Amino acid sequence: MLELDFSRGRRPETVLFLGAHCDDIEIGMGATVIRLVERYPETHFVWATLSSDDVRERETRAAAARLLAGAQRSTVLVERFKGSYFPYEGASIKSFFETLKQHGNPDVVFTHYRQDLHQDHRITNELTWNTFRNHCIFEYEIPKYDGDIGIPNVFVPVSRACLTRKIEVLMECFPSQHDKQWFTRDTFEAIARLRGIESNAAEGFAEAFHCRKAVLGL
Ligand SMILES: [Zn+2]
């Protein structure tokens with residue numbers, strides 16, 4: 001299977017994670033964050049969650065701290081843009097995106113999927129591509145009521161232990177979400193298992209991403 005070596009043989013200096021809401025980065029790519037930190041502990045990881053309140057900020061900061069444990073350098077930004085209103089707050093969110101450049105030029109950017117039907121996720125995706133014009137961008141997926149799961153084309157195989165760590169972080173750090181019918185261990189395990197099937201993952205699990213374009217360096 002094709003392996004994308006986005007670092008061209010060197011470690012990425014800076015990796016940027018973008019999420020509209022507290023728990024998005026964690027759900028979409030929590031296991032990949034763990035793998036990246038394990039493989040590149042010296043990389044600067046920049047984590048930006050765009051909307052929150054007091055409770056949810058505490059939750060996502062606790063989750064980020066656990067997923068980023070082992071990183072020698074990390075920056076966690078949790079903003080207060082109003083959830084569900086991103087299309088109407090575009091200018092101020094765009095201004096925030098511009099400030100992200102002061103944290104280093106990211107070698108890789110992870111963001112929401114372009115076809116995600118949640119309006120906040122979609123705006124986050126659009127501003128990612130609008131702001132980072134010469135960057136390697138991977139788009140993660142979030143299962144939801146709207147039924148917008150697509151056919152991803154990039155996979156990160158993860159071990160059962162790594163997936164278990166991710167799910168423990170989700171279940172332990174986000175008590176405010178436990179009343180949501182979809183916020184359950186089996187949701188997170190099910191999608192990882194499906195993506196594991198699609199990528200022939202050795203231990204059966206994977207997280208999946210959409211890569212809209214890539215450069216083949218020959
Ligand atoms: Zn979200």
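Okay, quick definition before anything else: when I say two strands pair, I mean DSSP finds at least two bridges between them. Keep that in mind, and also that this is a predicted model.

Let's start with the sheet. There are 7 strands in it, the sheet is open, and the order goes S3-S2-S1-S4-S5-S7-S6, with mixed pairing. Out at the edges you've got strand S3, residues 73-78, and strand S6, residues 154-158, and each of those pairs on one side only. Going from one strand to the next, the twist averages 25°. As a reminder, strands of a sheet pair through backbone hydrogen bonds, either parallel or antiparallel.

Now let's zoom in on strand S4, residues 108-112. Strand S1, residues 14-21, runs parallel to S4, and 3 bridges join the two. If you want to find that spot on the screen, look for Val15, whose bridge partner in S4 is Val108.

Helix H4, residues 119-131, lies across S1, strand S2 (44-51), S4 and S5, and runs at about 155° to S4.

Okay, on to the helices. Helix H1 is residues 24-39 and helix H5 is residues 160-173; their axes come within 9 Å and cross at roughly 130°. Angles over 145 would count as roughly antiparallel, and H1 and H5 are therefore oblique to each other. The crossing is right-handed.

Which residues actually meet there? From H1, you have Glu26, Ile27, Gly30, Ala31, Ile34 and Arg35. Facing them from H5 are Cys162, Leu163, Arg165, Lys166, Val169 and Leu170. Sorted by class, that contact has 7 nonpolar, 1 polar and 4 charged residues.

Methods:
Residues are numbered from 1 along each chain as its sequence is written. This is a predicted model: local features need pLDDT of at least 70, side-chain atom pairs count only at pLDDT 80 or more; totals for chains, interfaces and linings use all residues. Axes are lines fitted to C-alpha atoms, for helices over the stretch in contact, and angles run from 0 to 180 degrees between N-to-C directions. Helices (H or I, at least four residues) and strands (E, at least two) are DSSP runs, numbered from the N terminus. Angles under 35 degrees count as roughly parallel, over 145 as roughly antiparallel, 65 to 115 as roughly perpendicular and the rest as oblique. A crossing is left-handed if the near helix is turned anticlockwise from the far one by less than a right angle, and right-handed if clockwise. Two residues are in contact if their C-beta atoms, placed from the backbone, lie within 7 Å. Ala, Val, Leu, Ile, Met, Phe, Trp, Tyr, Cys and Pro count as nonpolar, Asp, Glu, Lys and Arg as charged, and the others, Gly among them, as polar.
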